[in-house]
Amino acid sequence: MVGNEYIDSLIKANKIKHTVDKNINFGFKIGPKILGKEKVLIAGPCSVESKEMIEKISIDLKKIGVDALRGGAYKPCTYPVRDTTNGWKEGLKKKGLEYLLNAKNLSNLPIVTEVMDSSQISLVSEYADVFQVGTRNFQNYTLLDELGKQNKPVLLKRGTWGTLDEILGACERIIEGGNTKVAICLRGVVGMPSYRHIFPSTRWAPDLMMISALKEFTSIPIIYDPSHATGYRNFVIPISKAALALDVDGLIVECHPNPDQSISDPDQAITLEDLKKIKKIM
Ligand code: PEP
Ligand code: MN
């Protein structure tokens, strides 16, 4: 039992109420599938790069059998100062959202995209089917509180430092507002902080055990992100297999028509051919 005593003490202190109640139905629909009942595959580029790119890839992903399209229009990154490698500009913002909607209209895939701040919710809500909260905003309480008032699912990415009770507590923060359409996304944790910049390929450590740990405490669906968890494309398929073996409810995978040219996170982007292999084992 992982962390059981700690969670028990939090429950006794009335700190975590809803998220550990296995009778609450947290599942929500992604397209025709019910997350938590059927395995869901979300895929797409790290960033929305252009209208043509996102439209084309959405059609290709639909053919592969992907359930939802991911793509960042608002793009925070690990290094805070603007970097222009491959042309990255912290996202195309509103234009990126519009391109995602074009892609959705063509492919019929629901959209998963990041909202970084509570002031963006009303705009992002016009385009997104699922709000993604990025790792850097895992404990942005004003954002979580506002998302709790929305009638749209939230994919909450684990902060790279987040403990079991902090993950549940962050979900609780959303659920308290009345929104039970929540899923947890595990995306790797801080492994060797002092080496992250020297060995970027292993900058995060896959947090696979947390899948099993969370399942002991909550029925909130869990999506695994093998792309950010590893940071390196050769590890994406093996870690996807491991997450599926642990009975995760879905995967969110970064892919790109030409991975090395990816405007953000090029090292971890996989080809569509590799994505097909993941789809096969789901
Ligand atoms: C992303 O999904 O592209 C992303 C920025 O992820 P994270 O918040 O987990 O770093
Ligand atoms: Mn990314």
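**A pocket and a manganese site**

In this predicted model, the second largest pocket is lined by Leu10, Lys15, Ile16, Gln139, Tyr141, Asp165, Glu166, Gly169, Ala170, Glu172, Arg173 and Glu176. Helix H6, which spans residues 164–175, gives the largest share of this lining, with six residues. By residue class, the lining divides into six charged, four nonpolar and two polar residues. The space in the second largest pocket comes to about 290 Å³.

The manganese ion (ligand 2) is coordinated by four residues: Cys46 through SG, His228 through NE2, Glu254 through OE and Asp265 through OD, at 2.1 to 2.4 Å. Along the chain, the donors of this manganese ion are spaced as C-x181-H-x25-E-x10-D. Cysteine 46 sits in the loop between strand E3 (40–44) and helix H2 (51–64), and aspartate 265 in the loop between E12 and H10, so the pair ties together parts that are 219 residues apart in sequence.

The side chain of glutamine 268 makes a polar contact of 3.2 Å with the side chain of histidine 228, and another of 3.0 Å with the side chain of aspartate 265. Glutamine 268 lies in the loop between strand E12 (250–254) and helix H10 (272–281). Its relative accessibility is 1%, so glutamine 268 counts as buried.

Key. Residues are numbered from 1 along each chain as its sequence is written. Chains are lettered from A and ligands numbered from 1 in the order in which they are written. This is a predicted model: local features need pLDDT of at least 70, side-chain atom pairs count only at pLDDT 80 or more; totals for chains, interfaces and linings use all residues. Side-chain values use heavy atoms; hydrogens and water are left out. On a 1 Å grid over the protein atoms alone, a cavity is a set of points where a 1.4 Å probe fits but cannot get out, and a pocket is an open set with protein on both sides within 12 Å along at least five of seven lines; lining residues have an atom within 4 Å of a point. Grid points are joined across faces, edges and corners, and a volume is the space filled by probe spheres set on the points. Helices (H or I, at least four residues) and strands (E, at least two) are DSSP runs, numbered from the N terminus. Ala, Val, Leu, Ile, Met, Phe, Trp, Tyr, Cys and Pro count as nonpolar, Asp, Glu, Lys and Arg as charged, and the others, Gly among them, as polar. Buried means under 20% relative accessible area, exposed over 50%, partly exposed in between (1.4 Å probe, protein chains only). A polar contact is a pair of N or O atoms within 3.5 Å; within protein, one must be able to donate a hydrogen and the other to accept it, and residues adjacent in sequence count only if both atoms are side-chain atoms. Donors are N, O and S atoms within 2.8 Å of the metal (3.2 Å for Na, K and Ca); water is not among the atoms, so sites may look incomplete.
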